Amino acid sequence: MDTGTEIGWEPHEVALLGGGPRAAVTVAVVALHLLGAVETGPGRTLCAMGPEPEGLGPFEGTVLDCLCEPLTARELVRHADVRLALALTRIPLAEDGLLTHPWLRPTRGARRRLAFWRERHPLPAVRHGLTDEDTLLAVALHGDAALRLLLPRFALRTGLMDPGAPADGVRFSLGRGRFLRWRDEYEDSVSGDWGGTGHGDHSGGCGSGGGGGSD
C-alpha cells in the first residue's frame, strides 16, 4: 500500500521513527491485512492470502514475500529479509537527518515532527467512517492504542498487540509483552542475506483464496 502521507513519509517510515523496527513491521502487516493480502493462520501466525495486490512498496512487498509460509509476528520481525529491508529503509531517513549516527535513533527534529503530527492526528474516537489510509496512519502514530480501537481481533489473534499492554503512551508490543518504544528496538538489523526470491517474484500469490480486510 504505497500510500504516502501528508507528513511526507510512508506509514511504515512514520512507525520506524516513532517506535523502531517492530513498529514498522506492525504497520506493514496492517497495510497488507487491509488490502486482504494477509490473514491469520494456525497458532497465532500470519500468512499471505490470494494474489499480490498491485502497487505495493518495497518494504510491504518484502513482508508479504516472507509470509508465503506462516510466521508468527515475532518470527517475522526477525526474518533476515525483513531485517535487511529495515536497514534499507533507514538509509534515506538517516540521509535526511532524521536518524542519529551511529545508534540510528530519531533525532530531536524527528521527534518534534512526530509529536506535531500526533497532535494534528489524535487517536480517533471511533473507527466508523475511517478510510484504510486513516487507519494505517493512526496505527503508525499511536501504536497499540490504535490497534486496540481499530483492529482489536486481528491484532490479538496475530500477536501484533499484547492484551495486557497499558493503554497510555505510544507502544508497539508486537505480542511480546509490555515495553516502551526504543527498548531493544535498534538491535543490529543488517545480518543475513537477501534470501528467497525477493519481492516481485510472486506468481499469483502465496496462498489460496482471498483474505478480507475486515477485523
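**Ground rules.** I am reading a predicted model, where local features need pLDDT of at least 70, side-chain atom pairs count only at pLDDT 80 or more, and totals for chains, interfaces and linings use all residues. Residues are numbered from 1 along each chain as its sequence is written, and side-chain values use heavy atoms, with hydrogens and water left out. My helices (H or I, at least four residues) and strands (E, at least two) are DSSP runs, numbered from the N terminus.

**Helix H5.** I checked the span of H5, residues 80-95.

Next I looked for buried residues (under 20% relative accessible area, with exposed over 50% and partly exposed in between; 1.4 Å probe, protein chains only). Among them in H5 are Val82, Leu86, Arg90 and Leu93. The buried residues of H5 pack against helices H1 (11-19), H2 (21-34), H3 (58-66) and H4 (73-78), where contact means heavy atoms within 4.5 Å.

**The sheet.** I then turned to the strands, which pair if DSSP finds at least two bridges between them. S1 (residues 38-41) and S2 (residues 45-48) are antiparallel over 4 bridges. Glutamate 39 sits opposite cysteine 47, and glycine 41 opposite threonine 45. Their hairpin has 3 residues between the strands, and glycine 43 there has a positive phi near 65°.

The open sheet has 3 strands in the order S1-S2-S3, with antiparallel pairing. S1 and S3 (71-72) are at the edges with a single partner strand each, so one side of each has no neighbour in the sheet.
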